[in-house]
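Welcome! Please take a moment with the sequence and the 3D view, and then we can walk through them together.

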Amino acid sequence: MSELTHNFDDLLDSVPTPSDATEEHSAYADGRVLRVPLARRWYNGKPFSWLLPFRQHRSLRLDGPGNEVWGMCDGQTTMEAIIDRFSLAHHISFHEARIAVAQYVRVLTRNGLLALVGAAADGEAE
Amino acid sequence: MTDQHRTNDTDAAATEWREVVWMGMRFRTPSDWEIVSHSTRLARGRLVLIDRRRQRLQLSWAHCDSRPDLKRAISDYRDRDRQDDPDCTFANLAGQAGWRGFARSGESDDLTRAGRYLHKRNLWVEMTIAWPAGRDANVERRVLDSFKTVAAPSPTVIEADDVEAMSPTHWRVFGLDIVAPAGWALTAATVKPADVAIEFAAAWDPYRTATVRRLGMIDSWFKGDARGFLQKQAGYDVECRFHSGMWSNFTAALAVSVEPATRFKRLTGRGRTRRDIAWVDERAHALLCATTWSRDADPVEPDEFEIHGYLLR
């Protein structure tokens with residue numbers, strides 16, 4: 001083991017921060033629907049939009065655990081704290097929770113609802 | 001230990017410890033060290049454990065017909081470490097029964113490297129422990145001293161007559177504590193978040209297989225319908241006969257069904273019967289499930305496996 005391959009410092013110190021443009025569209029028993037405006041391009045603006053019903057938003061429906069993760073992404077809580085709370089709530093191990101939370105965060109990030117702010121960048125901003 | 005060696009000794013008795021049993025080797029580690037990489041091969045493999053942030057322990061094993069030159073192996077490791085970090089210092093391990101090795105201290109993470117040869121199993125075993133916050137001699141001693149061998153796992157192929165000479169094998173990983181009957185070999189372990197499946201096969205009869213699963217996060221998906229869960233596992237188009245019973249002090253649902261197979265397979269006696277059992281282990285906050293497949297003439301009941309769950313945190 002001269003190579004210590006596993007190191008999660010960057011991930012655990014990062015802070016998931018919701019995008020300002022994200023809005024909660026509707027809530028239901030187990031989760032909620034989030035939506036974020038789509039970027040305006042020349043082909044989906046006027047006058048084409050008068051003729052064709054282009055989508056203005058991208059929506060994402062969260063299930064129960066996804067809703068929990070989203071609820072903890074307040075722009076201040078680190079990934080480590082979110083994973084810790086998630087693992088306690090569901091009686092799973094820290095790294096099981098890490099994989100599950102990271103998957104949700106990846107989906108939210110890919111859809112432009114969330115950004116992962118690194119610890120170093122956060123410090124510089126202050 | 002020399003003065004150059006930083007130490008960060010803790011009260012090992014105050015740390016919570018967890019037992020790991022894998023491939024006939026048993027040892028204890030602090031309970032926040034989790035397995036993130038595992039091998040299912042008997043001849044060569046490794047088990048990697050990490051704490052929250054970093055790799056902490058690697059146990060590796062390799063089949064070795066004759067006793068290796070321990071001195072040479074240790075000295076090779078020292079030389080390699082010295083190449084990586086010329087200013088590092090070494091201290092020999094002392095007092096750890098059966099282990100030979102050293103503790104390295106330098107610019108990068110401190111490391112403890114220890115090796116031993118298991119004569120009866122013809123196995124060379126190495127344990128490497130990383131100390132990101134400085135070497136902790138108490139934890140090091142306790143981890144190394146806790147290492148024991150238990151019944152060796154079965155090879156994947158044996159003769160039926162050899163089974164009598166074998167012992168049941170113990171496995172304790174990923175929230176599952178399993179005692180498999182003699183002659184059953186581990187064939188796969190699939191680990192996903194809150195979904196662990198460990199597969200076994202009878203080494204003398206490839207038609208007898210078993211899978212033990214642990215499904216966590218049950219509050220978010222399991223509504224208490226164990227029969228419905230078993231039906232889904234077997235397939236909605238498969239006819240199941242259901243029963244109920246007690247298992248490990250928990251109420252369990254049992255299902256028996258016929259594995260889908262071609263008529264030719266059935267006529268030639270290769271069709272198999274599937275037996276499932278599922279129960280909620282409240283102590284482990286998980287749904288545990290055991291499934292066996294066997295030919296009708298030679299049935300395997302899931303209760304031939306002793307299965308318990310344990311809480312992962």
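Arg275(B) sits in strand 18 of chain B, which runs over residues 272-281. Keep in mind as you look that this is a predicted model. Is Arg275(B) buried or exposed? Its relative accessible area is 13%, and since the cut-off for a buried residue is under 20%, Arg275(B) counts as buried.

What surrounds Arg275(B) there? Leaving aside residues up to four places away in sequence, Arg275(B) touches Ala255(B) and Val256(B), then Ala290(B), Thr291(B), Thr292(B) and Ser294(B), and also Pro299(B), Val300(B), Glu301(B) and Pro302(B).

Now let us move to a helix. Helix 1 of chain B takes in residues 70-84, 15 residues in total. From its first C-alpha to its last, helix 1 reaches 21 Å, close to the 21 Å expected at 1.5 Å a residue. At the start of this helix, a side-chain oxygen of Asp69(B) comes to within 3.3 Å of the backbone nitrogen of Lys71(B).

Which residues of helix 1 are buried? They are Leu70(B), Ala73(B), Ile74(B), Tyr77(B), Arg78(B) and Asp81(B). If you look down the axis of helix 1 in chain B, these buried residues fall within an arc of 140°, so they line one face of the helix. Turn to the other side and you will find Lys71(B), Arg72(B) and Gln83(B), which are exposed.

Finally, step back to see chain B as a whole. Chain B has five helices and 20 strands, and its C-alpha atoms fill a box of roughly 70 × 45 × 30 Å along the principal axes. Of the 313 residues in chain B, 55% are buried. Among contacts between residues at least 6 apart in sequence, 50% join residues at least 24 apart. Chain B exposes about 14,900 Å², with carbon and sulfur atoms supplying 47% of that area.

How confident is the predictor? For chain B, the average pLDDT is 89, and 95% of the residues score at least 70. The model scores ipTM 0.85 and pTM 0.86. Where pLDDT is low, predicted coordinates should not be read in detail.

How values were computed. Residues are numbered from 1 along each chain as its sequence is written. Chains are lettered from A and ligands numbered from 1 in the order in which they are written. This is a predicted model: local features need pLDDT of at least 70, side-chain atom pairs count only at pLDDT 80 or more; totals for chains, interfaces and linings use all residues. Side-chain values use heavy atoms; hydrogens and water are left out. Helices (H or I, at least four residues) and strands (E, at least two) are DSSP runs, numbered from the N terminus. The expected span of a helix is 1.5 Å times one less than its number of residues. Buried means under 20% relative accessible area, exposed over 50%, partly exposed in between (1.4 Å probe, protein chains only). The arc is that of the directions from the helix axis to the C-beta atoms. A polar contact is a pair of N or O atoms within 3.5 Å; within protein, one must be able to donate a hydrogen and the other to accept it, and residues adjacent in sequence count only if both atoms are side-chain atoms. Contact means heavy atoms within 4.5 Å. Accessible areas come from the Shrake-Rupley method with a 1.4 Å probe; for residues, only the protein chains shown count as cover. pLDDT is the predictor's confidence in each residue, from 0 to 100.
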